[in-house]
Amino acid sequence: MDPKAVLEFAAKNSAKIVDLRFTDLPGLWHHISFPIQQLEEKSFEDGFGIDGSSIRGWASIHESDMLLVPDPKTAFMDPFRDTPTLCMIGDVIDPITKQAYPRDPRHIARKAEAFLGFSGIADQAFFGAEAEFFIFDNIRFDQAAQHGFYFIDAEEGRWNSGREEHNLGYRPRYKEGYFPVPPTDHYMDLRTDMAMQMMACGLQVECHHHEVATAGQTEIDIKFDTMLKSADSMMLFKYIVRNVANQYGKTVTFMPKPLFGDNGSGMHTHQSLWQKGKPLFAGDMYAGLSQMALWYIGGLLKHAAAIVAFAAPTTNSYKRLVPGYEAPVNLAYSRRNRSAAVRIPVYSASPKSKRMEFRPPDPSCNPYLAFAAMLMAGLDGIENKINPGEPLDKDIYDLSPEELKEVPSLPGSLEESLRALEADHKFLLKGDVFTEETIQLWINYKMKNEVDAVRMRPHPYEFQLYYDI
């Protein structure tokens, strides 16, 4: 839609409020609402004033005035509000310079797409992310000087099999929750409602299903799109999932590893490059890939340790990315081995479906930053013709210790990933996509607010290990 079409869309749907969304640096959606009368055609140029000083990773108090300029292409009606509400994603603009705010994650993704076109390698990058999440019935957590705990409950959780009151059974076993039919799958109707609301808001849903873990682990897949649109879609996806669950009296988390002893939630990200409507990753090399695709994979593998500072950006992410399990920590590529960092899907022989899947990301990430980092790594691989090495088509569990030593792994903690980003980020600076200031801000923010904050606090399991020592 263009601005005129948005105003017509608002009138047709009797919108009373216009709600503008934007994303902070860590990746949470924020919003501000205005009476619909304030939305005019010139609003799409002039924007709306906001205070950016209280947004994580943004401006200081002395430079807090910002403009939020709505993007008419992102308009949708909010299905969860009592008052008809028109929603749009806004771009953050400096009111003095009228330039895009450099810390706006959406702006960074825009610059990555612009750099792709400027490079001459391709004119479109398509991304398709598969975000997994958990549906819980109850969550309690607290942290203070003298205590720290969390407590999760889910009607579907296997741990409730011994419960006395109102126990009807039918709960997925640990690590056996993949594709059961109802009533073992408790959430088919809930997921369908989520999917229907997504389609009503303009997302194209491909499928939904129960995931491997017990306690309501779920996946809903939406169709791939250009990189920026896919990042926008992921923010809307999370919003819809949380709100539908809330209507059902349940809660959703995109935290990658909330349960001990069961599978974590990933966000496998499919990627491909196109030029003038033609796919560039199809060829006659390994798994039907082109040389360009292999170089792209080479860039992802070379820079993977730095990429995951954005794509697996929490201390909890590394409870999922643990060597020796099904986690994709091995820096290799394969068409079959799902423990490899890069997988080449072989469901279809069509050149248009040829793509690669980067498996380390998880849904706690900021999609604008994570997608941009992946694209920049892949382009660096193409520009420098980085050889990805030989594919890893063997069963990782059957590899000898000697063979396993030859396969590099991802960092084992957020701190290691941040250090890797600090040492390896020149590929992100090309085209001014990321800046030194933004990268250092990210590292400092994550170290102070997450790495150090977790490191300084006793862990509940330490009392099990050490209290009587």
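Biologist: Which residues lie nearest the centre of the second largest pocket?
Modeller: This is a predicted model, in which local features need pLDDT of at least 70, side-chain atom pairs count only at pLDDT 80 or more, and totals for chains, interfaces and linings use all residues. Residues are numbered from 1 along each chain as its sequence is written, and side-chain values use heavy atoms, leaving out hydrogens and water. A pocket is an open set of points on a 1 Å grid over the protein atoms alone, with protein on both sides within 12 Å along at least five of seven lines, and lining residues have an atom within 4 Å of a point. The lining here has 26 residues, and those nearest the centre are Lys 73, Asp 225, Lys 229, Asp 232 and Ser 233.

Biologist: Which element gives the largest share of the lining of the second largest pocket?
Modeller: Two or more lining residues come from each of helix 3 (105-119), strand 12 (225-226) and helix 5; helices (H or I, at least four residues) and strands (E, at least two) are DSSP runs, numbered from the N terminus. The largest share is five residues, and they belong to helix 5.

Biologist: How many charged residues are in the lining of the second largest pocket?
Modeller: Let's sort them by class: charged means Asp, Glu, Lys and Arg, nonpolar means Ala, Val, Leu, Ile, Met, Phe, Trp, Tyr, Cys and Pro, and the others, Gly among them, are polar. Twelve lining residues are nonpolar and five are polar. The charged ones number nine.

Biologist: Which elements give two or more residues to the lining of the largest cavity?
Modeller: A cavity is a set of grid points where a 1.4 Å probe fits but cannot get out, and this structure holds two of 30 Å³ or more. The largest cavity is lined by Phe 127, Gly 128, Ala 129, Ile 222, Lys 223, Asp 225, Ser 230, Ser 233, Met 234 and Phe 371. The elements that supply two or more of these are strand 7 (124-136) and helix 5 (227-247).

Biologist: Which strands each supply at least two residues of the lining of the second largest cavity?
Modeller: Look for Phe 22, Thr 23, Ile 89, Gly 90, Asp 104, Arg 106 and Tyr 368, which form this lining. By class, three are nonpolar, two polar and two charged. The strands you want are strand 1 (17-23) and strand 6 (85-93).

Biologist: Are helix 3 and helix 9 parallel or antiparallel to each other?
Modeller: The axes, lines fitted to C-alpha atoms over the stretch in contact, are compared by N-to-C direction on a scale from 0 to 180 degrees. Helix 3 and helix 9 (residues 367-383) meet at about 20°, with axes 8 Å apart. Angles under 35 degrees count as roughly parallel, over 145 as roughly antiparallel, 65 to 115 as roughly perpendicular and the rest as oblique. The pair is therefore roughly parallel.

Biologist: How many charged residues are in the contact of helix 7 with helix 11?
Modeller: Helix 7 (residues 304-311) and helix 11 (residues 414-423) have axes that come within 7 Å and cross at roughly 120°, so they are oblique to each other. In contact (heavy atoms within 4.5 Å) are Ala 305, Ala 306, Val 308, Ala 309 and Phe 310 of helix 7 with Ser 417, Leu 418, Ala 420 and Leu 421 of helix 11. Eight of the residues are nonpolar and one is polar, while the number of charged ones is: no residues.

How values were computed: Grid points are joined across faces, edges and corners, and a volume is the space filled by probe spheres set on the points.
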